[in-house]
Amino acid sequence: MKTVVNPARASWSQLLKRPTMDLASIEALVRPVMEAVKNEGDAAIQRYTEKYDGVRLSEWAVSQAEFEAAEASVPAELKAAILQAKANIEAFHTAQQQDELKVETMPGVVCYRRSVSIEKVGLYIPGGTAPLFSTVLMLAVPAKIAGCKEIVLCTPPDENGAINPAILYAAKAVGVTKIFKVGGAQAIAGLTFGTVTIPKVNKIFGPGNQYVTAAKQLATKYGLAIDMPAGPSEVAVYADDAAVPAFVAADLLSQAEHGVDSQVVLVAANEAIVDKVKAEVDQQLQVLPRREFAEKSLANSVAVVLGNEADAVDLLNEYGAEHLILSVKEPWEVADQIINAGSVFLGNYTPESAGDYASGTNHTLPTNGYAKMYSGVSLDSYVKKVTYQQISAAGIQALGPVVETMAAAEQLDGHKNAVSLRLKSLKDV
Ligand SMILES: NC(=O)c1ccc[n+]([C@@H]2O[C@H](COP(=O)([O-])OP(=O)(O)OC[C@H]3O[C@@H](n4cnc5c(N)ncnc54)[C@H](O)[C@@H]3O)[C@@H](O)[C@H]2O)c1
Ligand SMILES: N[C@H](CO)Cc1c[nH]c[nH+]1
Ligand SMILES: [Zn+2]
């Protein structure tokens, strides 16, 4: 991880460049997979599963027997942890339910808005280098609370054609049983077009590697919605002298270990903090089982020294990290100035891992700078806000002339007539 002291603003965007491929190049790799699945259906999914996951399966749907075996094999301690996390995620997401909004904008003109669940949703659970069963909770819990009718889950099989039992246990605990052993872009394509085996959905959710994320982005060109681009994990930590270097180092490594294309950014109030954190990183790396991944992502990462808090806040907002940890004396004060981040963690006792697993917030978050314009997954992601209105006779008499005037000015007489006829009918009474 290189260190840069007081970089000029003009150099920030280059300094903070993500290590991911540009969208056009990765789309070019993924488009043939989408097209093949569109044209050949299951046969193409079979072919790509063999190619990328190294396994040929005669059955992709997880069976009852597999759920039962998973239930039996997950240790009690892990089950209890999963259930506690589920309860916290449920509590936070249930509280996001909104009452129906009803406003009488003029006498007799009543407008209201209701949240209506998206009928068919596809949840992608990453499984390439680690089986992210926590993602099952993050995606399926709000889908259930929202009341989505059809919830389909896809996740890559291992080389033996199996799914990690904790993924199956978590899914069953939330009440999701339609699970297919398909991963990567081919899973996203299946959910996009529908095949004999995999149902087509309205919206695709979930994180994944660059291929999965690009495939999701392509899915939008075929009429589907997606939650947001949630690609390789990243974290920015802002540290001043109140930070604990060992904690900061651990937080950086917690995201660096996700994959070789992850990125971590340390913004520090002085150089001494960077030195201490780097020494801790070196030490902690020695015993990290996923050291190889972490080392590669650290090579794509940067420590920036900015003595001035306003500059640091500007840089953090320009980066728009998926996760931002504020290891500073007054985290609340800094948090109020953050406008671009997927999720913010305040103070020395708030590790990002807590949000990854169990505090209650959602860990499916925008990466690659998309935090500037997208929110992470929440209950809102699973609903459409439908507006309704009802206008009484008195209401149309009050509102009608406004609409007539505007429609005439737009030269849309058909619009005007729809009001004029009603006004006339009321005059004739
Ligand atoms: N942003 C978020 O909210 C968030 C949350 C959790 C995880 N993540 C990220 O999700 C990612 C998970 O990645 P993963 O790879 O472990 O699992 P994954 O399930 O996303 O991807 C594995 C699949 O990728 C496909 N694949 C592998 N190599 C390929 C190639 N060369 N061409 C085309 N397809 C290929 C395979 O089909 C495989 O099944 C990590 O980058 C992690 O940081 C992000
Ligand atoms: N940090 C990931 C989101 O970028 C989520 C996760 C799942 N498991 C561990 N971490
Ligand atoms: Zn993580």
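User: Hi! At what angle do the axes of helix α2 and α3 cross, and how close do they come?

Analyst: Hello! In this predicted model, the axes of α2 (residues 23-40) and α3 come within 6 Å and cross at roughly 140 degrees.

User: Are α2 and α3 oblique or roughly antiparallel to each other?

Analyst: Oblique. Only angles over 145 degrees count as roughly antiparallel, and the crossing here is at roughly 140 degrees, so α2 and α3 are classed as oblique.

User: Nice. Which residues make the contact?

Analyst: From α2 there are Val33, Ala36, Val37 and Glu40, and α3 contributes Ala43, Ala44, Ile45 and Tyr48. By class, that contact has 7 nonpolar residues, no polar ones and 1 charged.

User: Switching to the ligands: which residues come nearest to ligand 1?

Analyst: Gly128, Gly183, Gly184, Pro207 and Gly208, out of the 30 residues around ligand 1.

User: What about ligand 2, what surrounds it?

Analyst: Ligand 2 has Leu132, Ser134, Thr135, Pro207, Ser233, Gln255, Glu322, Asp356 and His363 around it. Those divide into 2 nonpolar, 5 polar and 2 charged.

User: Which domains does the shell around ligand 2 draw on?

Analyst: Domain 1 (2-19 + 231-360) and domain 2 (23-101 + 117-227), with at least three residues from each. For ligand 1, the shell likewise draws at least three residues from each of domain 1 and domain 2.

Terms used: Residues are numbered from 1 along each chain as its sequence is written. Chains are lettered from A and ligands numbered from 1 in the order in which they are written. This is a predicted model: local features need pLDDT of at least 70, side-chain atom pairs count only at pLDDT 80 or more; totals for chains, interfaces and linings use all residues. A residue is near a molecule or strand if its C-beta atom, placed from the backbone, lies within 6 Å of it. Domain bounds come from an automatic or database domain assignment. Axes are lines fitted to C-alpha atoms, for helices over the stretch in contact, and angles run from 0 to 180 degrees between N-to-C directions. Helices (H or I, at least four residues) and strands (E, at least two) are DSSP runs, numbered from the N terminus. Angles under 35 degrees count as roughly parallel, over 145 as roughly antiparallel, 65 to 115 as roughly perpendicular and the rest as oblique. Two residues are in contact if their C-beta atoms, placed from the backbone, lie within 7 Å. Ala, Val, Leu, Ile, Met, Phe, Trp, Tyr, Cys and Pro count as nonpolar, Asp, Glu, Lys and Arg as charged, and the others, Gly among them, as polar.
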